[in-house]
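Please open the model in a viewer and follow the stops below in order. Each stop names a selection and then states what is found there.

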There are 4 protein chains.
Amino acid sequence: MIVIVSNQTPEQRIQEIMKYIEANGLQPHVAKGVDRTVIGIVGSVQPKHAEHLRQMHGVENVVKISKSYKLASRDFHPEDTIIEIGDVRIGGGELVVMGGPCAVESPEQIDEIAKLVKAAGGQILRGGAFKPRTGPYSFQGVGVEGLVMMQEAGRKHGLLTITEVMTPEYVDVCAEYADILQVGTRNMQNFDLLRKLGECNRPVLLKRGFSATYDEWLNAAEYILAGGNPNVMLCERGIRTFESYTRNTLDLAAIPVMKGLTHLPIISDPSHGTGRRELVEPMAKASVAAGADGLIIEMHTDPDNSMTGDGVQSLFPDQFAGLLQALEQLAPLVGSTFNTAKQPLSFYQNTVVGQ
Amino acid sequence: MIVIVSNQTPEQRIQEIMKYIEANGLQPHVAKGVDRTVIGIVGSVQPKHAEHLRQMHGVENVVKISKSYKLASRDFHPEDTIIEIGDVRIGGGELVVMGGPCAVESPEQIDEIAKLVKAAGGQILRGGAFKPRTGPYSFQGVGVEGLVMMQEAGRKHGLLTITEVMTPEYVDVCAEYADILQVGTRNMQNFDLLRKLGECNRPVLLKRGFSATYDEWLNAAEYILAGGNPNVMLCERGIRTFESYTRNTLDLAAIPVMKGLTHLPIISDPSHGTGRRELVEPMAKASVAAGADGLIIEMHTDPDNSMTGDGVQSLFPDQFAGLLQALEQLAPLVGSTFNTAKQPLSFYQNTVVGQ
Amino acid sequence: MIVIVSNQTPEQRIQEIMKYIEANGLQPHVAKGVDRTVIGIVGSVQPKHAEHLRQMHGVENVVKISKSYKLASRDFHPEDTIIEIGDVRIGGGELVVMGGPCAVESPEQIDEIAKLVKAAGGQILRGGAFKPRTGPYSFQGVGVEGLVMMQEAGRKHGLLTITEVMTPEYVDVCAEYADILQVGTRNMQNFDLLRKLGECNRPVLLKRGFSATYDEWLNAAEYILAGGNPNVMLCERGIRTFESYTRNTLDLAAIPVMKGLTHLPIISDPSHGTGRRELVEPMAKASVAAGADGLIIEMHTDPDNSMTGDGVQSLFPDQFAGLLQALEQLAPLVGSTFNTAKQPLSFYQNTVVGQ
Amino acid sequence: MIVIVSNQTPEQRIQEIMKYIEANGLQPHVAKGVDRTVIGIVGSVQPKHAEHLRQMHGVENVVKISKSYKLASRDFHPEDTIIEIGDVRIGGGELVVMGGPCAVESPEQIDEIAKLVKAAGGQILRGGAFKPRTGPYSFQGVGVEGLVMMQEAGRKHGLLTITEVMTPEYVDVCAEYADILQVGTRNMQNFDLLRKLGECNRPVLLKRGFSATYDEWLNAAEYILAGGNPNVMLCERGIRTFESYTRNTLDLAAIPVMKGLTHLPIISDPSHGTGRRELVEPMAKASVAAGADGLIIEMHTDPDNSMTGDGVQSLFPDQFAGLLQALEQLAPLVGSTFNTAKQPLSFYQNTVVGQ
């Protein structure tokens, strides 16, 4: 950590700053420049030290050198995390595709879509039972019943399932029915939810908040990891920018950046990341080319009549299947694999993660 | 609502779109242009209609003419909402100042600050008991005890109190001890929390999400209003932009914009909105000049040692008092009033809102 | 075009608006809703009509249905534009790679790099002679001499050349020495420069302004096209967002979006788009997977000592060569081709574009 | 300046970095931490040093402590710059109001508006002769004739004049007819223009680029100052954010921030900063409350028919006059003055700046 102090700061004040540093078991190294003094701090620097120094009168700036997250950092965990669920391995070199509707609407709908996801080569069924909607007068999801429908469809067709959990009190019930729990973009900094997920035995897919920096995103992952749950994957789903033609700006550089900063798997969501069906295929391919460990993609048998209005970004089933075939060709070129002709083996058992 | 269809869309498809419109009791008005057809829709248009039409294949765009929020809209409620709590009226022409520390730290700290807020002319004491912190290793607040400390300090010095509630299950306990409940910027779209607050009998201060549009912010307010709680005030606290010198970019135009779009009071937070002590005073004045109904300002007796690291944006007590004196001069020039020399009357009773 | 008028607008005012519409040879179609009236306008709508109506008192909003650009629009020019220069075809299905240093520094430097670009399979040599630098005390380029050095290196090694032109008076000299003229991100809306380039017989690579919308970008291209120069290619190079870890946020969705909106070729710049060497390779691959017609990439033999300080985003020659070999594999999977083993034929003649 | 090096960097490499530092006459101070080494650099650090070190392999980050601009910095020029033109002093404690149309349209129009600006108490007439328009099919201004018209109107009514100059070759003619030259937001980094203005004897109003950081803005000012022209004023006119309800987001914190970082006067443009007439008055007042030295405001006698389509953000003459009366009350509260009843003295002489 580096503390920058103006040379107009009284000497006594600088002494107080030095005293604080030393009182916390840290060593200051001072470099006095023409108009500013730089204090390099060595030792076991903690976030609270930075916070405290930043607010001390006379301190002009505090520059963090070490990261504020540890468990999520590749510095402390150089090898890739691989999340194993049944015979699906996320982050282990095989591309993972999660497909399904924005919302579970009926048993028939989710069953039909699950069949198509499986047939196309996907491994995981996505679907929302509770929907975070920006206005109170929109469809809010079918609730716990949707979880049951999705679990049944997944088991029948040999797919794992992922669903979004929106509030701490629903973690247990979602964990009962789904294999992976998703934290939505609006909840990336819902810290009570993150803490609760840290105590949960299900892997978590953590979407990036739509105006979250990389640092904030990894600190949010740190909450879950610090709670004791090592199975966290990140999901880039687009950030908010001035461009409004697309629903969001999918920041694909986040993929290689995360590969460098963290050991956690990184998934891309080209559906929410663009909000437009015709952009999903090219951006899915680009995600894989950039090094993504997996994709989460909306697919619907009748997008015209999806209940959430998200049909506009859902692929038709044949588009979804065509995309997965293209990925089968593409994956080997970036050191990954993907096989659409996997045996429809009954690989699904309600396995406990990590076993 | 307007639906735009490309002239390359097959006629049959256009008929299906028309059929959907009419089946929902709406009247379409068609204007066929050179390359696009515009369908103006008249009738009781609902958000779900827009969502459905947007996703119909062949529809190029849907333009909403009416707003997706009703209760929050000035169109449906032309006169200003005034929130009365004891003898404080928010939105009624007298400027309201909420002052206090980022976090309640001890009974002595909050008592001392309460005394100074009151002496300076403030009406409301702010302070956090639970702190939303971006990293898991930072100070997280003192919890329910902090609520008790703050209530005692408020009652003793004749100040109302406001505190942040972060999760639905804490609404009841926060409502028991505080007079106003604050929704933080990270929770603006925590819909379960908003719904719970809709059933609560305390006024709510709803901070703008740091990348929320005006429309999303008003839809978040609509959640609370739709739940039955009419006492919502909005709080501009800065948005996230590319400029990183300030912690956020305080969007003061939001103040007159909100005065036009809604009848709810609007408060400004120049502390979080800038993140720098030296900017709080000019931006507080600018907020009032722009028409704000009130301010929420961080003040600390020992900002160097605040426990949250937010001291850097906290005013010293004498700066706070000086600012309030300046506001006393400024308020009348923009049709408001503010009086620092109010009698320290025992106006605080644990009044139920609206009575 | 659609004009939206509040129903609180006096009838007389609506009549004046109608009169304006009809006086300009357009037909209004009125749909009167509960609180707003929608006027759909059919006919030869021009930008000036939208501008005028938007400012008429009582008009709440004007929604453009047709685009404000014509020559750049795929609606008016459905087939792809292919720019032919010598035996290089940009936009014609073969991937084009432009490589070279940020700035031309010396004859030896540019000659050595040209040799390496050619050997790796690149077709075009990039290099700046005049550098747009944000501060006045930075290296500003070697000027016209640099153009001469680059042309010589290009001719010697059989490469076309591209260089940035920063001001209208330099268009002629740059056009004399370089095969393609580049408009930098800070000049995307330098309209005098755009107009001058419209009269020039060299193809133009138009970089997206770092906070330009798609619409503004295409309108900038329209300036050049309207001036009589049909050979414009677009270049996505990252936009400015709140994320500061990367120099910019490379918006790869721009690639398929542009493929839909316009017939012009689209190039990606992963060097400026990320500002970090380690991100260039994955983002170059992702660009191609997303459908880019070409890439412009910084490469330097001694990035540690580049004169512009941009070495941090420059590939080493072996990284550059390795990337191009990877692209050779990747291109066919997205319907393109790229061949690193091209004959080093003397294809360069100072050909006039289009001949 | 601080250089941060990973401890995984080979020792030899660190020695090369040290050698570079010392070879440039600078002193390195090393602090070796657990995972990173921090090198504090003392001496006459120049921008090129930072640029060079940043790109050296093994360097993780370079943190600038000193600013990259000097002439614009308050550190090197503590007292306020006051720009004197005739008897108008900008930055000297009296509020300066620049009013007028977006574009000069005819002698009658500009004469009528000049009369109204003067009568309301404004000191400077604004008006564009050349208009930077985002599309090529829009009205582009009346050209040099407009300069003549505006100068005549200004002289007749006793107003200084300000007009935008868009390209280096027009600097001379604009300087001949106008008293202040404006650099528009799209040209903030048109470095050739900035250099040309540095050699010009007219004061310059430098608008902030719509995605420019404070640092870039001050570096742009540095270009002009470094060229020999000390009379630069800055103009905040809104930045580009995700919020599209307003044309831009007027960043009023820029006003006190600039007061701290620089000695140059700061002007606010609430017209372009909001793009909506009804927001101009509150944001003008807020600007003054935040400490602005002046305002530049669009006013038009017939905004419905303005030729640029900017009428929607132009005040009507009576609104303009009313605003200035309000500012007369407001200015003294923030340590400034403004007097609408100034004698209509013939203070205009075509004075050379600084005499």
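Select chain B and chain D: across their interface the rule finds two salt bridges, a salt bridge being a side-chain nitrogen of Lys or Arg within 4 Å of a carboxyl oxygen of Asp or Glu. One of them joins the side chains of D:Arg208 and B:Glu243, at 3.2 Å from N to O. This is a predicted model, in which local features need pLDDT of at least 70 and side-chain atom pairs count only at pLDDT 80 or more, while totals for chains, interfaces and linings use all residues. Residues are numbered from 1 along each chain as its sequence is written, chains are lettered from A and ligands numbered from 1 in the order in which they are written, and side-chain values use heavy atoms, with hydrogens and water left out.

Next, display the whole contact (heavy atoms within 4.5 Å) between chain B and chain D, which takes 32 residues from chain B and 32 residues from chain D. The area buried there is about 2500 Å², 78% of it from carbon and sulfur atoms; buried area is the accessible area (1.4 Å probe) that two parts lose on being put together, summed over both. Highlight B:Phe242, B:Glu243 and B:Leu333, which supply 21% of the area that chain B buries against chain D, more than any other three residues.

Now move to chain B with chain A. Their contact takes 49 residues from chain B and 50 residues from chain A. About 4100 Å² is buried between these two chains, with carbon and sulfur atoms giving 44%. On the chain B side, select B:Gln55, B:Tyr137 and B:Asp304: these lose the most area to chain A, together 18% of what that side buries.

How many salt bridges are counted between chain B and chain A? The count is four. For one of the salt bridges, select A:Arg240 and B:Glu216, whose side chains meet at 2.7 Å, N to O.

The same surface serves both copies, since 100% of the contact residues of chain B recur in chain A.
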